[in-house]
Amino acid sequence: MTPQEFEAVLLRSQCLTREVLMKKAGEYAPGMDRFANFRRAAEFQHLSMEQVCWNFLMKHLVSVQDMVESGKEYPQEVWDEKLGDTHNYLHLREGMVTGRRAKG
């Protein structure tokens, strides 16, 4: 893969990731609290928001691992969804860390 081809893959991934994050924000965090669903889950499970996010990420990582280990060929759309979910949870986790640090 050439650097230009990789750049195209990266840009496509970033666009897909952004689309999903913005769409899901409306579903899961319709108000001003971007992490409302994580906050509620954290309270329910007696965990931190970051721990809840990590657990959600792990679910998606296990799914990707299952796909890799299966040796099967999957359509690009399936890879886009699974890898996009992992990217999104890492971005959400980054937002949580940044927000916590900003509060001091």
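What percentage of the 104 residues of the chain count as buried? The share is 25%, where buried means under 20% relative accessible area, exposed over 50% and partly exposed in between (1.4 Å probe, protein chains only). The model is predicted, with local features needing pLDDT of at least 70 and side-chain atom pairs counting only at pLDDT 80 or more, while totals for chains, interfaces and linings use all residues. Residues are numbered from 1 along each chain as its sequence is written, and side-chain values use heavy atoms, leaving out hydrogens and water.

**Figure 1. Overview of the chain, with four helices and zero strands.** The order of elements from the N terminus is α-α-α-α. Helices (H or I, at least four residues) and strands (E, at least two) are DSSP runs, numbered from the N terminus. Along the principal axes, the C-alpha atoms fill a box of roughly 45 × 30 × 25 Å. Of the contacts (heavy atoms within 4.5 Å) between residues at least 6 apart in sequence, 54% join residues at least 24 apart.

**Figure 2. The largest nonpolar core, made up of 12 residues.** Its members are Leu21, Phe35, Phe38, Ala41, Ala42, Met49, Val52, Cys53, Leu57, Tyr89, Leu92 and Met96. Such a core is a set of buried Ala, Val, Leu, Ile, Met, Phe, Trp, Tyr and Cys residues joined through side-chain atoms within 4.5 Å. At least two residues of this core come from each of helix H2 (36-45), helix H3 (49-70) and helix H4 (76-103). H3 gives the largest share, four residues. Apart from neighbours within four places in sequence, Met49 touches Phe35, Phe38, Arg39, Ala42 and Met96.

**Figure 3. The packing of H3 against H4.** The two axes lie 9 Å apart at an angle of about 160°; axes are lines fitted to C-alpha atoms, for helices over the stretch in contact, and angles run from 0 to 180 degrees between N-to-C directions. H3 is therefore roughly antiparallel to H4, given that angles under 35 degrees count as roughly parallel, over 145 as roughly antiparallel, 65 to 115 as roughly perpendicular and the rest as oblique. The contact of H3 with H4 has 15 nonpolar, three polar and five charged residues. In these classes, Ala, Val, Leu, Ile, Met, Phe, Trp, Tyr, Cys and Pro are nonpolar, Asp, Glu, Lys and Arg are charged, and the others, Gly among them, are polar. Among the H3 residues in this contact are Phe56, His60 and Val64, and those of H4 include Trp79, Thr86 and Arg93.

**Figure 4. H1 crossing H4.** Helix H1 (residues 3-28) and H4 have axes that come within 9 Å and cross at roughly 70°, so H1 and H4 are roughly perpendicular. On the H1 side, Arg12, Ser13, Leu16, Thr17, Val20 and Leu21 take part; on the H4 side are Gln76, Asp80, Gly84, His87, Asn88, His91 and Leu92. By class, this contact of H1 with H4 has four nonpolar, seven polar and two charged residues.

**Figure 5. Asn88 in helix H4.** Asn88 is buried, at a relative accessible area of 6%. Its contacts, neighbours within four places in sequence aside, are Thr17, Val20 and Leu21.

**Figure 6. His46 in the loop between H2 and H3.** His46 has a phi near 60°, a positive value in a residue other than glycine. With a relative accessible area of 71%, His46 is exposed.
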